[in-house]
Amino acid sequence: MEYTQCWLQYKKISDVNKLDVNVYCGETGRLIDRIYEELALGFWDMYHRKIKISGGAANTGTGNGIVLTVNEKSSLGPEGYSLKSNRGRCIIEADTQVGLLYGTFALLRNLQTGESKAPKPAANFDNWSWEEEKIPSNPLRMLNHWDNMDGSIERGYSGESFFFHDNEIIVNDRTRAYARLMASVGINAVVINNVNVKDAATELITERYYTQLRKLADIFESYAIKLYLSINFASPVELGELDTADPLDERVGKWWREKAEEIWKNLPGLGGFLVKADSEGRPGPYTYGRTHSEGANMLAEAVKPHGGTIIWRCFVYNCRQDWRDKITDRAKAAYDNFKPLDGTFADNVILQIKNGPMDFQVREPVSPLLGGLSKTNMILEFQIAQEYTGQQKHVCFLIPWFKEVLNFDMYCKEKLSTVGDLVSGKTYHQVKCGIAAVANTGNDNNWTGHDLAAANLYGFGRLAFDTGLSSERIAKEWIALTYGFEEKVVKNINKILQMSWPAYEKYTSPLGIGWMVTPHTHYGPSVDGYEYDSWGTYHRADHFGIGVDRSNKGTGYCSQYNPPLDTIYGDKETCPEELLLFFHYVDYSYTLSSGKTLLQHIYDSHFEGVEDVEKMICLWEEIKEAMDMDSYNNVILKLNEQLNSAKEWRDVINSYFYRKTGIPDVKGRNIY
Ligand code: GCV
C-alpha cells in the first residue's frame, strides 16, 4: 500500500548550487548510516545536491560542509545536540550518535522551514548564523499504539494496523518509514500493541513471535527507538501454565523471572512492558487482594536484571460503579488507588497517568494524581487518537490543550511544580519519566486519516522533546514541512488548527462537563448516554441545573488537589469557568462572567461552534488554488462531515436543554 512521507517530504528549495555537500564524520554504525541516508535524501530533494562522505576524524576535515562530531564532554546528555555555523561549516555536535541523529533532523527541518535563516538558494553555510542547542525536556517520549493482533485498532481512525495483520507481525518498508517519521520528531519509545491484551496478543511474549519482533526492534533501534510491549497481567494463567497470577505467589514470580529471561534472550533491546491492570475487565492484582505496587513490583523484579522497565497505568476504576449516591465519583479513582502507594514502587516502575481524571474529554481538569506523587516515577498520558475529539473526521489540533496541561501549576513545591516540571523529573529528580500519547496512526496512506490530524502526531513528538515550543511554532513548522511556505497557506491552515480545539469544545459538551457522547462509539451526541449500566448520567442535569458537585459538600474530589487548588475549584465563584460544570452543580439561571446565564451560554456556544466550522471551511476554500487536489479534497470532505456533525451536536444539545428548562433562546433562534 502506498503511503506518504508526511512532514519529511523535503520540498525543493533551489538547485542553483550544484556542488556536493561535504559531510565529515569520524563515527560509524547504524545510526550514522541513517544520518547519511537522511542528509543524502534531504539535500538532494531540497537542493539537488549530493553529499560526499569523508570518513576519519571529523575535525581533520578542512572544507566547507557538515561536520558531525561526538564529544562526550559537551554535557548535552544522551540525546541532546548542538548545531552551529563556523566558517562555512555546519557543525552538529552531541555526546552520542543519538544526539547526532536528532541534530541532523533538526538541521534538515530548519533548512526546510526556513527557520534557520540559512541562505536558501545555496545552502552552503558560508554566512550561516544559526545556533541551536537542545536537550530533550523529557527522558521518555513515547507512543502507545492500541493495535490488536487481528489488525484492528482500538479507537483507531485511520485504517488498520501496520504492525499486525491476521495475528501476524508485519515488518516491511512501512515499519522503517514509521520509525523514521517518529525519530524525526524525537520519539524514543513505542508500544506496538493495545493495552487491552487479549487472545493472540497474550502470546506476543512467546516463541511464536520472537523472530518478527526481533526484526521490528532492529528497525526501531536503528532509529534510536526502543520497543515496548503491552502485556496481560494474567499471562501465567492465560498461557495455560499456572492456575494463578497472584503476584505474591512464589510460582508466579518465578514464572515471570523465567519468562523475562527468555524474552530478553530473544529481544535484548526490549524496553519493557506496559500494563493495564484492574481496569475495564482487565485482570490485575486486585483479583488476588493485592495492591498495585505488589503487582507492579513483582514484574519489576523479573525484568530488572535485563534493564527492563514496567510502565503501570493508573487508569484503574470500577466501570460498573453505581454513583447515584452522589459521593461515588469515577474522577476520584486514580488518586484514591495510587496516592496511598506513593514511595512503594520499585525504581524500575513508572506510573502512567492520564492527563485528566476521567478519560480524554475535550476539557478536564488536570489529574490531581500528577500533583500527589513525590516518590514515584511517572509518565503523563495524552491521547492523540481523537477518541472524544472528533475521531479524525473533525479537525481538532490538540497541542494548545497539551500546552495548557503542561503549564498547569500543581502547587507541589514553591518552584518547578507545573505538570511539565513534574513529568520531566525536574521537580523530584526522577530519571524514568516523560510523556506518552495514544497514537493516532493506521495504515491509511496519509497515516492519520484526516490529513490535518498529522499535526497532532508531529506536534506531540516535538512538544515532548521540547516542551518550551509554542503551539503556534509547532503548527507553523508542520504546515511548512507538509504544505510548503506560501504565506497564505501557512496563515490559513494555522488559523484552522488554532481555532479547532475551542470550536470542538463549543459545539460539544459545555464547561467541562464532558461526555454527552454516544456510548461506546464515542462519536456524535447522546446527552444522557451512559457507558455501562444505567446508573445515572455523567452530567446530572435536571430541570433546574446541571453539573457534578465535586466540592467537599459533594463528592469531595476537590480535596485531592494541593492548596490552593482545592479551594479554588471547590468554590463556584473562583472555579475557572471552563471547568464550572465539572466541579459544580449550577442553576441554568446562574450568571457567568460574560453576563450571560448558564443556559444562554450553552445555546450561544453551540451556535458559535458551528459558525467556527463554517469559518474553517472558508479558510480552507481560500487556499484551494495553492493545494494539490488530493490534499485539498481529503480535508474539504472531512470538514463537510465536521460541519454536519457540529450541527447535529448543536441541535441535539440545545433542544435537550430547551425541553428540560422550557426557557427559549434570548436571540430567538430556532432550537430544534
Ligand atoms: C484501551 C477508554 C477507551 C478504551 C481504552 C481505555 C484505556 O475507556 O474507551 O477503548 O482501552 O480508555 O485507556 O485503557
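The paragraphs that follow take these topics in turn.

This is a predicted model, in which local features need pLDDT of at least 70 and side-chain atom pairs count only at pLDDT 80 or more, while totals for chains, interfaces and linings use all residues. Residues are numbered from 1 along each chain as its sequence is written, and side-chain values use heavy atoms, without hydrogens and water.

The ligand is surrounded by 14 residues, the closest being Glu-154, Lys-276, Arg-313, Lys-354 and Glu-387; a residue is near the ligand if one of its heavy atoms lies within 4 Å of it. By class, this shell comprises eight charged residues, three polar and three nonpolar. Here Asp, Glu, Lys and Arg count as charged, Ala, Val, Leu, Ile, Met, Phe, Trp, Tyr, Cys and Pro as nonpolar, and the others, Gly among them, as polar.

A polar side-chain atom of Glu-154 is 2.4 Å from a ligand oxygen atom, and one of Glu-387 lies 2.5 Å from an oxygen atom of the ligand. For Arg-313, a side-chain N or O atom is 2.6 Å from a ligand oxygen. Of the 340 Å² that the ligand exposes when taken alone, the protein buries 97% (Shrake-Rupley method, 1.4 Å probe).

Helices are DSSP runs of H or I with at least four residues, and strands are E runs of at least two, numbered from the N terminus. Helix H9 (residues 399–407) packs against helix H11 (residues 454–465) at an angle of about 25 degrees, with the axes 10 Å apart. H9 is therefore roughly parallel to H11, a term for angles under 35 degrees.

Most residues other than glycine have a negative phi, and most peptide bonds are trans. Asn-167, in the loop between strands E8 (164–165) and E9 (168–169), has a positive phi near 65 degrees. Pro-563 and Pro-564 are joined by a cis peptide bond, with omega about 5 degrees.

Methods. A polar contact is a pair of N or O atoms within 3.5 Å; within protein, one must be able to donate a hydrogen and the other to accept it, and residues adjacent in sequence count only if both atoms are side-chain atoms. Axes are lines fitted to C-alpha atoms, for helices over the stretch in contact, and angles run from 0 to 180 degrees between N-to-C directions. Angles under 35 degrees count as roughly parallel, over 145 as roughly antiparallel, 65 to 115 as roughly perpendicular and the rest as oblique.
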